[in-house]
Amino acid sequence: MKKSFVLATSALALVTLLAACQNGGASSSAASSSASSKAASSNVASSSSVSSSSNVASSSSVSTFTKKSLALYIATPANKEMVDFYFPKDNAEIPFIDTSTMLGLLDQFKGYESPEHAPITLKDSVLTLTLKDGQEALLDFGAKTISFPNAEQFFARIGTHTSLNSFGKLTTDASGAPTYLKEAKDPYVVAGHPMVANLGQNEIPMILENGVGYIPLATFSDVFANGFSFQFYYNGINVFAANSRDPLQDLYYEAPKGARSQALADFTYHEFCLNGDFNYALKAKHGITTFDDFLTRTGRKEGLRSTDPHVADATLAYVLETDLDDNHSAVGTPSFYSGSDFDLYDSKYKGTSNTFWDQHHDALEAARKKAATPITAYQEFGTTAFVTFDDFTSCTGDYYTTFPSEADAAKDTFALIEYAHKKIKDDGMTSVVLDLTCNRGGAAVAAAYVSCWMLGGSATLHFSALLDDAKASFPMSVDVNLDKTFDANDGVADKKLYCLTSLTSFSSGNLVPSVLKSSGQVTMVGETSGGGACVVDGTCLADGTAFSFSGSHAVCTVKNGVYYDVDQGVLPDYPITNLANFYDRVNLASYLATLK
């Protein structure tokens, strides 16, 4: 399941505001010159502006670092700013970021547009970063930890109650009225326990010097930016920040490939361990106490610490797809050290679950292709309507202006549901079958839309944070008939409802069945769904290799007040074992009509 993420502050504005944070309100970038005058009108605390309640034990007149001004590209090549980063004098491969720059970025990720930020306070060895909404992160340079008293609130964007909201910024019309999908009322939210990233345990340096805090850029990316769906990475020439790498790939791979130093290899390993300890949701289920222990026991540590980037990237693929093997954790793109042509998608990396999932999905697709009547997105057999799609996709058109046609229904999930809804009403269908047998997941916002539609126009979706036990329940409602009214006319609860699932109905393809099953209104038919309760979190290694983790936020059902994640999948009420029977629509419709 993917978070439905929209950058609250444009990349151009973020570049301008970052320049204001570092330059006291003045931007030097030509790319951002058109937007810099507003940001330049207010002074911002420089990296040395710290409110202190005690002397700094680590004060020194001789800096540990060499400061370098590097190009930072945010999201696209057009959005570029020169930004100061800091390198240990004995290592030019590992950039550090100062706490003032960090705080400016974090406020922008939250969605605040002013470059001003709160003073950074220092007490003993603890620097406190306070966001504009009052949420805090505590950097303890004595204990070598970073802690969040309330992580879900810290990482929640403006306008959302908690970062457990995976639906992103919901759409509105010109007047601000909701469109398509809305929160029916405020969610029920329970805060989690404090979260702590233990840098010292993982041999990650954090340095307090003359009242200014510094941590590696990779650590900032893993501990802070990941929570806002951003990653920062460095290729020895430029720094990049993005939640989609595609626009920046050519620039990133301009750096020459080749061996990593042992110092960088070791740091990259330790940073990966910190990332896993802090962000990987399924640690307890895998029996992982720390990632260093886990990687030692699996025999992967040596490969990850190799100076040969091909060995290191291949080892990472084995860790994610053989050892974790959860179908969400996967390799993305190789580091520039390996080069863009290094293949990380070889099936040899895949473990038991990944291999079975691929094979079963192939078998389902083969059975579907053999169907007597070709399977399309919307079909009617007698008075039974079948709605079939393989990915949950966000809205791509303005369907209030032009109601979706049959051709539009192939473009995205929203258009398909709107088209199907009208056909079901107009053609007098009495039964609706939602076929998710080949559905691999996708956008959470589309999964919410489908769930509400099936259940009469509204549904409540539940999430928990597996690492700190935060919880939230989101009552949602939809406008499927596009009349700007959110009511029971936007659902099909008055029909006989069925959901077809298979062992590869995964992620959002598992979320929707879990909502439908727990409602008691929908008959589940087929195989146990494939699980995949967690939201996918994109991330990267310190050397730039991109990958994904099963993130800490998980889809849940609630029973007797207890939140249960749905990673085990959803059991069918009526099993189907012959895959061909899924796609024999005439006989399947007749069979479903016999069920009570």
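**Salt bridges in the predicted model**

D426 and K422 lie 4 residues apart in helix α13 (residues 413-426), so about one helical turn separates them. Their side chains meet in a salt bridge, 2.7 Å from N to O. The model is predicted. A search of the whole structure finds 21 salt bridges.

**The pair in helix α13**
- D426 is exposed, because its relative accessible area is 52% and exposed means over 50%.
- K422 has 44% relative accessibility, so K422 counts as partly exposed.

**A network**
- K425, D494 and K495 belong to one network, joined by salt bridges that share partners.

**R260 and D543**
- A salt bridge joins the side chains of R260 and D543, at 2.8 Å from N to O.
- This pair links distant parts of the chain, 283 residues apart.
- R260 sits in the loop between α6 (249-252) and α7 (262-279).
- D543 sits in the loop between β24 (534-540) and β25 (546-559).
- R260 and D543 are both buried.

**D323 and R300**
- D323 pairs with R300 in a salt bridge, and their closest N and O atoms are 2.8 Å apart.
- D323 belongs to helix α11 (residues 309-324).
- R300 lies in the loop between α9 (291-297) and α10 (301-304).
- The two residues are 23 residues apart, and the pair links distant parts of the chain.
- Both D323 and R300 are buried.

**Background**
- Oppositely charged side chains can pair when their charged atoms come close.

Technical notes: Residues numbered from 1 in each chain as written. Predicted model: local features only at pLDDT ≥ 70, side-chain atom pairs only at ≥ 80, totals over all residues. Heavy atoms only, no water. Salt bridge = Lys/Arg side-chain N within 4 Å of Asp/Glu carboxyl O. Buried < 20%, exposed > 50% of the residue type's maximum accessible area, 1.4 Å probe, protein only.
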